[in-house]
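User: I would like to learn how to read the features of a fold. Please take me through one case.

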Amino acid sequence: MSGTLHVLGTPIGNISDITLRALDTLNEVDFIAAEDTRVTLKLLNKYDIKKQLVSYHDHSSRLCADGIINRLLAGESCAVVTDAGMPCISDPGEGLVKLCYENNIPVRVIPGPSAVVSALAVSGLDTSRFSFEGFLSVTKKQRIQHLESVKNNTNTMIFYEAPHKLVTTLEDMLKYFGDRKISLCRELTKIYEEVIRLTISEAIKYYESKSPKGEYVLVIEGAKPSEVPALTIEQAAEMVKKLIDDGIKATAACKEVAAETGYKKSDLYQMINSEN
């Protein structure tokens with residue numbers, strides 16, 4: 001019988017933000033797959049946990065992942081952790097989880113802190129509907145495509161950004177989103193935790209005289225419905241086709257475009273099928 005992979009959340013800053021269940025699991029598993037073993041070792045030492053650490057990160061080879069899978073198949077249990085927060089969310093772990101499912105290995109989640117939800121909760125912006133957009137690409141073309149694709153999204157949007165790229169990102173957002181409200185959350189749960197609520201243009205001015213420090217979570221107001229250009233159903237159907245061409249299943253593509261345009265998913269699905 002195979003072992004179990006535990007997807008385990010760790011503190012995003014304050015080392016005390018660890019759950020009792022997470023500590024129990026770290027004590028019980030046979031080994032831990034860590035994004036950076038040095039970071040995880042600090043956490044383990046804090047709570048006097050002695051476990052074997054294996055390195056598993058974004059640049060790990062398939063051979064490394066297969067080694068973890070083989071140990072799980074042999075009956076060992078493993079906790080996969082990232083440096084901060086939940087694994088698989090803009091962090092390593094996603095590929096390992098997929099491999100587990102392909103090999104019928106049980107996967108369990110041990111919830112922990114999340115920078116995404118924490119930043120949204122203290123942003124002061126609408127929390128009823130939101131989309132997590134992760135990091136923008138450093139490649140200009142992909143960056144522009146990403147911003148262009150979400151500029152009409154009426155949900156609150158959440159991005160991650162590093163300090164050295166913050167001002168450039170804000171300037172790009174001002175260009176594609178206009179001057180919306182933004183909450184800039186940095187160093188969440190740490191000593192210098194800070195949440196700044198401005199507009200995008202005000203944020204750009206603010207950082208002209210102040211160097212950004214720490215990792216940022218940017219929470220941005222969604223587009224106002226009145227700002228979203230009206231689309232014909234034919235144009236909406238073209239959006240669906242483009243998503244399908246990009247590899248998204250037809251039903252999922254119709255659902256995504258329906259949420260963005262207001263057309264019914266069933267109408268979009270019927271339209272793209274009638275043209276085939």
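Analyst: Start with strand pairing. Two strands pair if DSSP finds at least two bridges between them. This is a predicted model. In it, strand β2 (residues 31-34) is joined to β4 by four bridges, and the two run parallel.

User: Which residue of β4 is the bridge partner of Ala 33?

Analyst: Val 80 is the partner of Ala 33. Strand β1 (residues 5-8) also runs parallel to β4, joined by three bridges. There, His 6 stands opposite Ala 79.

User: Which way do the residues of β4 point?

Analyst: The general idea comes first. In a regular strand, side chains alternate between the two faces of the sheet. Strand β4 (residues 78-81) sends Cys 78 and Val 80 one way, and Ala 79 and Val 81 the other way. All four are buried.

User: Where is Thr 25 found, and is it buried or exposed?

Analyst: Thr 25 is in helix α1 (residues 20-28). Buried means under 20% relative accessible area. Thr 25 has 7%, so it is buried. Its side chain reaches the backbone oxygen of Arg 21 at 2.9 Å. Not counting residues up to four places away in sequence, Thr 25 touches His 6, Leu 8 and Ile 110.

User: Next, the open sheet. What is the order of its five strands?

Analyst: Strands of a sheet pair through backbone hydrogen bonds, either parallel or antiparallel. In this open sheet the order is β6-β7-β10-β8-β9, and the pairing is mixed. Its edge strands are β6 (130-135) and β9 (194-199), each pairing on one side only. From one strand to the next, the twist averages 20 degrees.

User: How many bridges join β7 to β10?

Analyst: Five bridges join strand β7 (residues 156-161) to strand β10 (residues 216-220), and these strands run antiparallel. Within that pairing, Phe 159 has Leu 218 of β10 as its bridge partner.

User: Which strands does α7 touch?

Analyst: Helix α7 packs on the sheet and touches β7, β8 and β10. Its direction makes about 10 degrees with that of β10. Helix α6 (residues 140-150) lies across β6 and β7. It runs at about 160 degrees to β7.

User: How should I read the nonpolar cores?

Analyst: In soluble globular proteins, nonpolar side chains tend to be buried together. Here the largest nonpolar core has 20 residues. Phe 159, Leu 170, Met 173, Phe 177, Ile 182, Leu 184 and Leu 218 touch the most other members. The elements giving two or more residues to this core are α6, β7, α7, β8, α8 (200-206) and β10. Helix α7 gives the most, with five residues.

User: What does Leu 184 touch?

Analyst: Setting aside residues up to four places away in sequence, Leu 184 touches Leu 166, Leu 170, Glu 194, Val 195, Ile 196, Ala 203, Tyr 207, Tyr 216, Val 217 and Leu 218.

User: Where is Ala 223 found?

Analyst: Ala 223 is in the loop between β10 and α9 (233-245). It counts as buried because its relative accessibility is 4%. Ala 223 and Asn 152 are 71 residues apart in sequence, yet 5.5 Å apart in space, C-alpha to C-alpha.

User: How many helices and strands does the chain have?

Analyst: The chain has eleven helices and ten strands. Its C-alpha trace spans about 60 × 55 × 30 Å along the principal axes. Buried residues make up 42% of the 276 residues. Among contacts between residues at least 6 apart in sequence, 68% join residues at least 24 apart. The accessible surface comes to about 15000 Å², of which 51% belongs to carbon and sulfur atoms.

Definitions and conventions: Residues are numbered from 1 along each chain as its sequence is written. This is a predicted model: local features need pLDDT of at least 70, side-chain atom pairs count only at pLDDT 80 or more; totals for chains, interfaces and linings use all residues. Side-chain values use heavy atoms; hydrogens and water are left out. Axes are lines fitted to C-alpha atoms, for helices over the stretch in contact, and angles run from 0 to 180 degrees between N-to-C directions. Contact means heavy atoms within 4.5 Å. A nonpolar core is a set of buried Ala, Val, Leu, Ile, Met, Phe, Trp, Tyr and Cys residues joined through side-chain atoms within 4.5 Å. Buried means under 20% relative accessible area, exposed over 50%, partly exposed in between (1.4 Å probe, protein chains only). A polar contact is a pair of N or O atoms within 3.5 Å; within protein, one must be able to donate a hydrogen and the other to accept it, and residues adjacent in sequence count only if both atoms are side-chain atoms. Accessible areas come from the Shrake-Rupley method with a 1.4 Å probe; for residues, only the protein chains shown count as cover.
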